[in-house]
Amino acid sequence: MAATVLNVIVAKNRQLGTNEYYPYQSSRDCCSAAAAPYNHHRNLLPFHGGKTLLAWRSGISSMHLPKYQTAFVKRPSIYYCNAALSTAVPYIDKVDFMKLQNGSDIRGVAVPGVEGEPVTLTEPVTEAIAAAFSAWLSEKKKVDASKPLKVSVGHDSRISAQVLQDAVSRGIASAGLDVVQYGLASTPAMFNSTLTEDEAFLCPVDGAIMITASHLPYNRNGFKFFTNAGGLGKADIKNILERAVDIYNSFTDEGLMKSKREASGSLKRVDYMTVYTSDLVKAVRKAAGNIEKPLEGFHVVVDAGNGAGGFFAEKVLQPLGANTSGSQFLEPDGMFPNHIPNPEDKTAMKAITQAVLENKADLGIIFDTDVDRSAAVDSTGREFNRNRLIALMSAIVLEEHPGTTIVTDSVTSDGLTMFIENKLGGKHHRFKRGYKNVIDEAVRLNSVGEESHLAIETSGHGALKENHWLDDGAYLMVKVLNKLASARTAGIAGGSKVLTDLVEGLQEPRVAVELRLKIDQNHPDLKGGSFREYGEAVLKLLENHVESDPKLQKAPVNYEGVRVSGFGGWFLLRLSLHDPVLPLNFEAPSHEDAVKLGLAVASAVREFPALDTSALDKFVQTS
């Protein structure tokens, strides 16, 4: 053991004020190897799962280890050296906060070790963002000084979660608000905490922050924000980041150390997931006629992908009587060693499918990291994700609300439209990519008199009007379980065949392809303009090209990019919401028809040298 010593390291390269080896620790808090004994002791809160990533010293540092090959140990206390404090913080680097915005979320790099991805979510940056949200919330709520506002904080299983939760808590407390920590939680539960009426659990809170980066790699993290009105929008996030800049630039050593000392005074811890899961259980029992164990006799396996969704097996399915043997990857592990927690990922879906077949289960359920997305698999191994999940949820919702409008993102298939409108008697409103865009559009339609009860993306984000328009992967699966339970109550046998029968008649393409055409922002053809302007020019030329080709027909109603029908299929070229990329989706009845669609796009966009069309060229040439 003498050869393996915990390495408390001074950062060699300060990246945004962060220790290069221990990313969550501001460099002001690090001591040199000679600075012993340590005089200041900080006890970190326990992390659900009990694991964290540390640098160990055994001849090499963690920075020299291959990716993912790092040691897991119990989180120790972190020590600070007894250094003199100054009023300024000269080594906090300038941060481009606006680059942290990812639509209606905040995303950044929280763990070092991946080449070309410097840490951007340091403790000071996180503290500033949390303080900015608190200031924004105080203005929105017109805070009464006699009753401090409460903000709940939760996180998924990521290895940076605990330290960021501590920094978020300090930021909230420094703004004079009370902090309620939930520990390991789901994104839907965080929003729910702003609605729950239960003083025993300090609810409702006035605002909520979820620390998550969804299915992104282990080194990423981020924040989602909620009030009782729902998730914050893009303009709100921009406002918060602008406030964070001023807060960050005003930081002093004294102020930061004071926030660390005082945060505990306004901090409480609550097991809110108990409330959230209890509500899910009640919903299924109610749908089954208040039967205590409506899923008794059903075998349901869960794959949480080592994210935050492991609770669903023990806290939801088992109380309802379901057999959950064979469930897998329920233990939180922020390195995601088994597969990416993503219902769109082929490896992830193969894993849950295999679990269903091997265990001869009636149903399989899979979640993403923070449980706001989900998918299912029936007893034969047939997947319910993407268009098929939307078809299933549409069938369930249209039984309850005949004729209602189903709002989806832009990449849904023509076959889905025919299924919703011709088979189910509903209306399909195909809108833009982005779960917040889809949800907001459904809310808007209701406000102008067009009834909509479901907003859902191919990614697995789905929100129902009855559930406050919250995109909740667990609640989507509750609706599926309701269908199973109510069928059983009605004497209908067959297990998950009830679900399979609901999507009978959905026409699915033989070929479905997505390619990503990147824009080189440094290419001279941009002539100093933005990638967005360049992308719009590409789309305009493609639109003109389509109008001159009698074999192609532009979609009469379209809200994003250029959508075109032809050769028995369709394609959609659109500009990414956040990145210099033009995603290209096409579906066709045969490979040859898919190539014809690809060639139609290729002939139009080759006039743009800054656009990397290599993926498209490869598809049409090798097919």
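This is a predicted model: local features need pLDDT of at least 70, side-chain atom pairs count only at pLDDT 80 or more; totals for chains, interfaces and linings use all residues.
**Entry 1: salt bridges**

I counted 28 salt bridges. I started with Lys224 and Asp372, whose side chains meet with N to O at 2.6 Å. This pair ties together distant parts of the chain, 148 residues apart: Lys224 sits in strand β12 (residues 220-227), and Asp372 in the loop between β16 (363-367) and β17 (374-378). Lys224 has a relative accessible area of 4%, so I log it as buried.

Glu399 is partly exposed at 47%, whereas Lys483 is buried at 17%.

Then I looked at Glu441 and Arg444, which form a salt bridge at 2.9 Å, N to O. They are three residues apart in helix α11 (residues 435-447), so about one helical turn separates them. Glu441 is buried at 5% relative accessibility, while Arg444 is partly exposed at 39%. I also noted a network in which Glu344, Asp368, Arg373 and Arg386 are joined by salt bridges that share partners.

**Entry 2: nonpolar cores**

Which residues have the most contacts inside the largest nonpolar core? I got Tyr182, Leu280, Phe312, Leu363 and Met477, in a core of 69 residues. I followed up on Leu280: setting aside neighbours within four places in sequence, it touches Phe311, Phe312, Val316, Ala474, Tyr475 and Val478. Another core, of 42 residues, lies apart from that one and includes Val125, Val151, Phe225 and Ala244.

**Entry 3: strand β23**

I went through β23 (residues 511-519) face by face. Val511, Val513, Leu515, Leu517 and Ile519 make up the covered face, and Ala512, Glu514, Arg516 and Lys518 the uncovered one. Why do they alternate like this? Because in a regular strand the side chains alternate between the two faces of the sheet.

For partners, I found β23 pairing antiparallel with β27 (residues 581-588) over eight bridges, with Leu517 standing opposite Leu582. β23 also runs antiparallel to β28 (residues 611-612), joined by two bridges. There, Ile519 stands opposite Leu611.

Conventions
Residues are numbered from 1 along each chain as its sequence is written. Side-chain values use heavy atoms; hydrogens and water are left out. A nonpolar core is a set of buried Ala, Val, Leu, Ile, Met, Phe, Trp, Tyr and Cys residues joined through side-chain atoms within 4.5 Å. Buried means under 20% relative accessible area, exposed over 50%, partly exposed in between (1.4 Å probe, protein chains only). Contact means heavy atoms within 4.5 Å. Helices (H or I, at least four residues) and strands (E, at least two) are DSSP runs, numbered from the N terminus. Two strands pair if DSSP finds at least two bridges between them. A salt bridge is a side-chain nitrogen of Lys or Arg within 4 Å of a carboxyl oxygen of Asp or Glu.
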